[in-house]
Amino acid sequence: MSAGTRRTGRPSTPVLGREVIVRGALDLIDEVGAKGFSIALLARRLRVRPSSLYNHVRGRDDILAGVRELVADPIDAAVFDTLPWDEALVSWARLYRAAFAAHPQTIALLATIPVSGAHRTLRMYESVVAGLERGGWPIASVIPVMVGVESFVLGSALDLVAPPAMFDPGPDSPEVPRFAAAVHARDDASAAQRRPAADLAFEVSLTALVDGLRTRLAAEIAAQGTAVDTGSA
């Protein structure tokens, strides 16, 4: 090969672009956590100057909006188009938990920044809201229902990645015999069902949550009917 001949083929590093930046940011958050994430560190990881990032993204908020989209992309809200609201909510909650359990370091970060800019995630929320409204939920109750489920799911995602012996009292067991017995019974049930203990907690609580929401919706619909009857009397 002559000195003037240029090699062809793929570059050794990906060409910088928004997707590369956002995926790099998610990988970095997964590794160092929310507190360790910074634009400067991200730029070093991508082997560019921080100023180079701004040719492709508007800033930190834009990067984190992209990270939110990547994390939430596996959460399929299309079930709200075909299933009753309660069945769809159960499916959505399970997918939501799995998505954030795969990236637990993002939970504290994304829970404290606005969702604006995360367009794919916003469309997912639009499907959830539309499904709940079709199910009969009053518009004023839709966001409280959705946020309440989200709060439960995110806590469950953290529980899924917590150490298995989180509740084991160890040598303190004699001081809390009923608690220790309950923990051991939970572990026995987990082993018998061949499922993580966190899954057992999630499923029993999700069932109770959705049952409670069904009761709440029935009460709201009854109250609306009473108000209409009273107004027309």
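This is a predicted model: local features need pLDDT of at least 70, side-chain atom pairs count only at pLDDT 80 or more; totals for chains, interfaces and linings use all residues.

The largest nonpolar core has 56 residues, and the largest pocket comes in at about 200 Å³.

**The core**

- Eight helices each put in at least two residues: α1 (18-36), α2 (39-46), α4 (60-72), α5 (85-101), α6 (105-110), α7 (119-134), α8 (139-161) and α10 (197-232).
- Helix α5 provides the largest share of this core, with ten residues.
- Beyond its neighbours within four places in sequence, Phe80 is in contact with Trp85, Ala88, Leu89 and Trp92 on one stretch of the chain, and with Ser127, Val128, Gly131, Leu132 and Arg134 on another.
- As background, nonpolar side chains in soluble globular proteins tend to be buried together.

**Aromatic pairs**

- There are six aromatic pairs in the structure.
- Take Trp92 and Tyr96: their ring centres are 5.1 Å apart and the planes meet at 80°, so this pair is edge-to-face.
- Both of those residues belong to helix α5, where they sit four residues apart, about one turn of the helix.
- Trp92 is buried, at 0% relative accessible area, and Tyr96 is buried too, at 5%.
- Phe167 and Phe179 make another edge-to-face pair, with 6.2 Å centre to centre and 70° between the planes.
- Phe167 is in the loop between α8 and α9 (177-193) while Phe179 is in helix α9, so their pairing ties together parts twelve residues apart in sequence.
- Buried or partly exposed: which is it for Phe167? Phe167 is partly exposed, with a relative accessible area of 45%, and Phe179 also counts as partly exposed, at 37%.
- Ring pairs also join Phe80, Trp92, Tyr96 and Phe100 into a cluster.

**A charge over a ring**

- Arg97 holds its charged end over the ring of Phe202, 4.4 Å from the ring centre.

**The largest pocket**

- How many residues line the largest pocket? The lining is made of 13 residues, and Asp159, Pro164, Arg186, Ala197 and Ala198 are the ones nearest the centre.
- Helices α8, α9 and α10 each contribute at least two residues to that lining.
- Helix α10 gives the most to it, with three residues.

How values were computed:
Residues are numbered from 1 along each chain as its sequence is written. Side-chain values use heavy atoms; hydrogens and water are left out. A nonpolar core is a set of buried Ala, Val, Leu, Ile, Met, Phe, Trp, Tyr and Cys residues joined through side-chain atoms within 4.5 Å. Buried means under 20% relative accessible area, exposed over 50%, partly exposed in between (1.4 Å probe, protein chains only). Contact means heavy atoms within 4.5 Å. Rings of Phe, Tyr and Trp (its six-membered ring) pair if their centres lie within 6.5 Å; planes under 30 degrees apart count as stacked, over 60 as edge-to-face and the rest as tilted. A charge sits over a ring if NZ of Lys or CZ of Arg is within 6 Å of the ring centre and within 35 degrees of the ring normal. On a 1 Å grid over the protein atoms alone, a cavity is a set of points where a 1.4 Å probe fits but cannot get out, and a pocket is an open set with protein on both sides within 12 Å along at least five of seven lines; lining residues have an atom within 4 Å of a point. Grid points are joined across faces, edges and corners, and a volume is the space filled by probe spheres set on the points.
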